[in-house]
Amino acid sequence: MRIATGGVLHETSTYSSLPTTLNDFINDRGLFRGQEIMDTFPGANVCIGGFIDGAKKHGFELIPLLWTFAFPSGLIERKTYDDLLEEFLQRLKQAEDEGGPVDGVLLDLHGAMVIDGIEDGDGHFISKVREYLGDDRSILVTPDMHGNHSPLRVEQATAILGYDTYPHIDMNERGQEAADLIVRIINGEVKPVMSLYQIPLFWSTACQVTAHQPMKEVMDYAHEIETRPGILGVTVSTGFPWADVPDVGPSLIVVADNDQELADKTAEEFGTWIWERRRRWYKLPFSVEDAIKQGQEIGKYPIILADHADNTGGGTAGDSTEILQTFLNQNLDKALILYIVDPEVVALAQKAGVGGIIETEVGGKSDPIQGPPVKMKAEVKALSEGKFKYDGPMYAGLTGNMGPSAWIQQDGVSVVVVTAREQPFGPAFSKTLGIDCESMNYISVKSSAHFRASFEPFAGSIFNVEARAIHTHDFAKLNHQRRKRDFYPVEIPYDSAPEI
């Protein structure tokens, strides 16, 4: 049994002015070819790592082609995408010329990729692999929970098995599940059919954390369905609303064993259940001031503010300033911002050196929406070239690089200023600078939920806040032009939903 693998992963914000180039793929998570994939990802908590581990488990030959990941940002330049797709297909052809036909392909894709001129990037990628393979060989895809899924993907893939957790701590597990299923398909044990059910609503990030209600209720339902006879898998996608594309929004994908009616009825059952309870999945975030006040009233520290409107993990610039300005205005002590992207300030800090004092303006340089720069007179506490190792659970076993970085401090307010646009999945990079996050009273993270996997165990309280930035969670402000239907609670009123 010979199975090829690889993928091009990107979560694309059409609201970001930052284009995504080949250099972004190379410099962010990296661009790996052939044996480099096998050397880098065994055991790693990413889907490609699960594919490798699954191949070892089942004893099939896994043929690595090309795998790359760029941090979320704006539209992918068309030439960059065309070149990556062409190389992927050329490597697939070369593998077959040298070793004979492959039996299938395991694809690691995000599900919210948009290319300049191609709105459904993942669907396009799958369809081109299908065009090469023909109809009789299997393509299995393992998308992120924040994919905007389309009919094209369901038509072209053999099976789609998405993540079950947010924060995404099950990526390796989903990769192994896909490896298990493709073996069963090739051996003739099962014949997958799929049904897509799209749900016209905006799903608040604060309501998506799978370890807590109300999202736990959704995933418990999905897992119950997966125990039913004839069901091979259920994918819940909460969508990525900052991509203005026709198929934006949440969806369900049900995979059944050679029974299209069962797949359709099950998807409709689950989708109707979610729609009837739509109030549960929508929640207005806190203002910055209200979150700080409520956290202080609770009296447990650190108080963590999730600056989700400037989540660099979703494609924002990472230099919004409202929370930093608020921390300074309130004279907070042991307060920390993770991270602000500002290479100019990093350069000043490097010139001043550790212990030096810099007077500068921090953040607010990418777009007026991100807020004005904040004047600071700060001490340089530490400098770094940015390299570190993830200590999990997300991306455990992999290395990261924030680029040239600095820890600067004014009075009781600290800021980690970085070059790379990467969200703080955990305290690992802060530790390399000498920062003890657990000793802080206030921490602001430019992240929506992924930070929880590492920060939640020691957090006193956590609040998702609506600070001024590009990725607003006031969804009426997104001004979508391309989506096909009215959405709750924007065009469809909030009070149209029953309280269930």
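**Ground rules.** I worked on a predicted model, taking local features only at pLDDT of at least 70 and side-chain atom pairs only at pLDDT 80 or more, while totals for chains, interfaces and linings use all residues. I numbered residues from 1 along each chain as its sequence is written, and side-chain values use heavy atoms, with hydrogens and water left out. Helices (H or I, at least four residues) and strands (E, at least two) are DSSP runs, numbered from the N terminus.

**Entry 1: strand β17.** I looked up burial first, where buried means under 20% relative accessible area, exposed over 50%, and partly exposed in between (1.4 Å probe, protein chains only).

Next I looked up the partners of β17, counting two strands as paired if DSSP finds at least two bridges between them. Strand β11 (residues 335–341) runs parallel to β17, with 6 bridges; V341 has V418 as its bridge partner. Strand β16 (residues 405–410) is antiparallel to β17, with 5 bridges, and A406 stands opposite V417. The hairpin of β16 and β17 has 2 residues between the strands, and I found D411 there with a positive phi near 55°.

**Entry 2: strand β9.** I found 6 of the 7 residues of β9 (residues 251–257) buried, so this strand too is largely enclosed by the rest of the structure. Strand β7 (residues 192–198) pairs with β9 in the antiparallel sense over 7 bridges. Strand β8 (residues 231–237) also pairs with β9 in the antiparallel sense, over 6 bridges. I looked up A256 of β9 from both sides: V193 has A256 as bridge partner, and so does I231.

**Entry 3: helices α10 and α11.** Axes are lines fitted to C-alpha atoms, for helices over the stretch in contact, and angles run from 0 to 180 degrees between N-to-C directions. Helix α10 (residues 288–298) packs against helix α11 (residues 322–329) at about 50°, with the axes 10 Å apart. I therefore logged α10 and α11 as oblique (under 35 degrees is roughly parallel, over 145 roughly antiparallel, 65 to 115 roughly perpendicular, the rest oblique). The contact (heavy atoms within 4.5 Å) involves V288, E289 and I292 of α10 and E322, I323, T326 and F327 of α11.

I also checked burial in α11 and found I323, L324, T326, F327 and L328 buried. After α11 comes N331, with a positive phi near 50°.

**Entry 4: the six-strand sheet.** I traced an open sheet of 6 strands in the order β2-β3-β1-β4-β5-β6, with mixed pairing. At the edges are β2 (30–33) and β6 (159–160), each with a single partner strand, so one side of each is left without a neighbour in the sheet. The antiparallel strands β2 and β3 (residues 61–69) are joined by 4 bridges, and F32 stands opposite W67 in β3. Helix α3 (residues 47–58) packs on the sheet and touches β1 (2–9), β3 and β4 (104–107), its direction making about 175° with that of β3. Helix α4 (residues 78–99) packs on the sheet as well, touching β1, β2, β3 and β4, at about 170° to the direction of β3.
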